[in-house]
Amino acid sequence: MIVLLVVTALTVLVAVIGAVTLVGRPRSTTDFLVASQAVPALWNTSALTSEFISVAAFLGTAGLVLAYGIDMLWLPIGAAAGHVVLQAFVTAPLRRSGTFTLLDFAEWRLGSRVVQKTVSACVCFIGWFYLLPQFQSAGVTLRVVAGLPVWVGWAVVVVVTLAIVFTGGMRSITVMRAFRFWLKLVAVAIPAVALVAVWHLDSDHDPSRPESPYFVRDTTVAIDLDVAIRVPVGTGAEIAGVLDGERYDGDHVVLEPGTHVLGEGTRLTFPAGATVPHATRLPLRSGDNWAMPFGRGGDHPLFTTYSVLIGMLLGTMGLPQVVVRFCPNTCGRAARRTAAMVPALLALFCIFPTLYGALGRLYAPGLLMTGDGDATILMLPHRLAPGLPGSLLTGLIAAGAFAAFTSASCGIVVAIAGSISQCVPRGGVRSFRISALIAITVPLILVAWIGPLGSAGLVTLACAVSACSLCPLLVLGVWWRRLTPVGAAAGLVVGCALAVMAALAHIFGGPRDGWSGALLGQPTIVIVPFTFAVMVLVSLLTPLRVPAGVDRVMARLHLPEELTTDRSR
């Protein structure tokens, strides 16, 4: 039943893509990149909000709330606050500049091809980090709901994304994103309301009770990959598979407190009331601790929380697929309206993943054992409403999830492809399409190596790279007339390199304890001030390199559009 529903949803999605392609087929490279700057504010607001409701918001937030608690709400708060900062400092000036992409802005503001190419490299790294969780979670979705290999999910994202990008560019992507925002909202809201109603009938269970998570009914947990678990108290279970190197065939075993290793394919059946073992990389948190902020577990939680918040807030400003979203608006005033409306739609959507995370702690606590938090939303419908109702709700959620994957992927691929094609001589639509293939191939190669890091964690790494590189360039480029090309390039190289190295060490080096783990996992709060300092100091040391005509450029950025009639770059 679920497989049929998922196939039907994907077929409908492809049909809608074809319809959009016929209606909004682009006629020029400008149509591909910015939809000829003719997109109304409400339409663009829905598309821009859809940009943020990627896998991190749709699946990742619920998984993080399940494991770490209310503290994880700093992620959507940071994203919403980032739009406020974006509106206050960047939106209207960037739109007045008349440039289409971050690369255009860098060359127009600083008159340097070196800075433009450095920005292109930053855009590629940010986009590739952002694409990794889209592939990863697409594979998780089809594995959970249909039992298919994870590579099938990767293939679906690649095919749908390239179909939209190749045939429609920014115009069709804007239409699709606006449509898919409302699809995702419906797909996450209707099951959430239904599941909360079911929980209300069983309201004796409360995720914030002081006990550790426990199984509310007899539960079987399947282990898809080898996993190390931590058992807080002695727990009995029937085990079929490999435990600590020994094979069992449905035997009743008492798991002693401590660490144990479960082999791939092992199945454990726990009785109602048994305390839930946790994957060793997740914290053991009681209900009251889970319900409090700044209690996420691990070393230096306050530092990590503030670094995540700053990374999301400033990273939003520099995300290339977000910044370019204001170029299709008809004018600067419409761009500001778009930025102002996005936080409201984000706040509405983020209510629902929070509910899923809390319900998952009660009805899908086995995910704490496998560490597969991204599957929380997908597994809950069948846990609370077995049978046909659960299948229908799961199918609706799966459709919304793939809308999230493809929506975010399209925006990122367009941003990367636009950056690469602009650095190629005689770039055009053909160059754009070749660049799109490059943009999607790199993360597709890397996705099999990223390990167990959740989708939301991968998105925070992308935002960290954005905050440490492009955010300082935008702020200083818009508001500080003494910024020089040398200073901008130096800051971009230092900030992007440090953030990328920290992200790669965190992904491939595994979790670390102490300050090294905190700094590598969330380095934004340290690297961002350093990047600003490098840009300012190097610019002050090279005052003769301030671009000619900077006064005219600053006037263009800050005067109302009707007073700046010169549209040349």
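## Helix 7 and its end

Just after helix 7, Gly111 adopts a positive phi of about 60 degrees. Helices (H or I, at least four residues) and strands (E, at least two) are DSSP runs, numbered from the N terminus. The model is predicted, so local features need pLDDT of at least 70 and side-chain atom pairs count only at pLDDT 80 or more, while totals for chains, interfaces and linings use all residues. Residues are numbered from 1 along each chain as its sequence is written, and side-chain values use heavy atoms, with hydrogens and water left out.

Helix 7 covers residues 102–110, and because 8 of its 9 residues are buried, it is largely enclosed by the rest of the structure. Buried means under 20% relative accessible area, exposed means over 50%, and partly exposed lies in between (1.4 Å probe, protein chains only). The buried residues are Leu102, Leu103, Asp104, Phe105, Ala106, Trp108, Arg109 and Leu110.

Side chains of opposite charge can pair when their charged atoms come close. The structure contains 3 salt bridges, each defined as a side-chain nitrogen of Lys or Arg within 4 Å of a carboxyl oxygen of Asp or Glu. In one of them, Arg143 pairs with Asp224 at 2.6 Å, N to O. This pair links distant parts of the chain: Arg143 belongs to helix 8 (residues 113–146), whereas Asp224 is in the loop between strand 1 (219–222) and strand 2 (227–231), 81 residues apart. Arg143 is partly exposed, with a relative accessible area of 25%, and Asp224 is also partly exposed, at 43%.

Arg143 forms another salt bridge with Asp372, again at 2.6 Å, N to O. Asp372 lies in the loop between helix 14 (366–370) and helix 15 (376–384), so this bridge ties together parts that are 229 residues apart in sequence. Asp372 is buried, with a relative accessible area of 18%.

## The salt bridge of Asp551 and Arg481

The side chains of Asp551 and Arg481 also form a salt bridge, at 3.0 Å, N to O. Asp551 is in helix 22 (residues 550–558) and Arg481 is in the loop between helix 18 (455–479) and helix 19 (485–509), so the pair joins parts 70 residues apart in sequence. Asp551 is exposed, at 54% relative accessible area, while Arg481 is partly exposed, at 37%. Through shared partners, salt bridges join Arg143, Asp224 and Asp372 into one network.

## Helix 8 against helix 18

Two packed helices are described by the angle between their axes and the distance between the axes. The axes of helix 8 and helix 18 come within 8 Å and cross at roughly 165 degrees. Axes are lines fitted to C-alpha atoms, for helices over the stretch in contact, and angles run from 0 to 180 degrees between N-to-C directions. The two helices are therefore roughly antiparallel; angles under 35 degrees count as roughly parallel, over 145 as roughly antiparallel, 65 to 115 as roughly perpendicular and the rest as oblique.

Contact means heavy atoms within 4.5 Å. Among the residues that meet are Val119, Ile126 and Phe129 in helix 8, and Leu458, Val465 and Leu473 in helix 18. By class, this contact has 14 nonpolar, 5 polar and no charged residues. Ala, Val, Leu, Ile, Met, Phe, Trp, Tyr, Cys and Pro count as nonpolar, Asp, Glu, Lys and Arg as charged, and the others, Gly among them, as polar.
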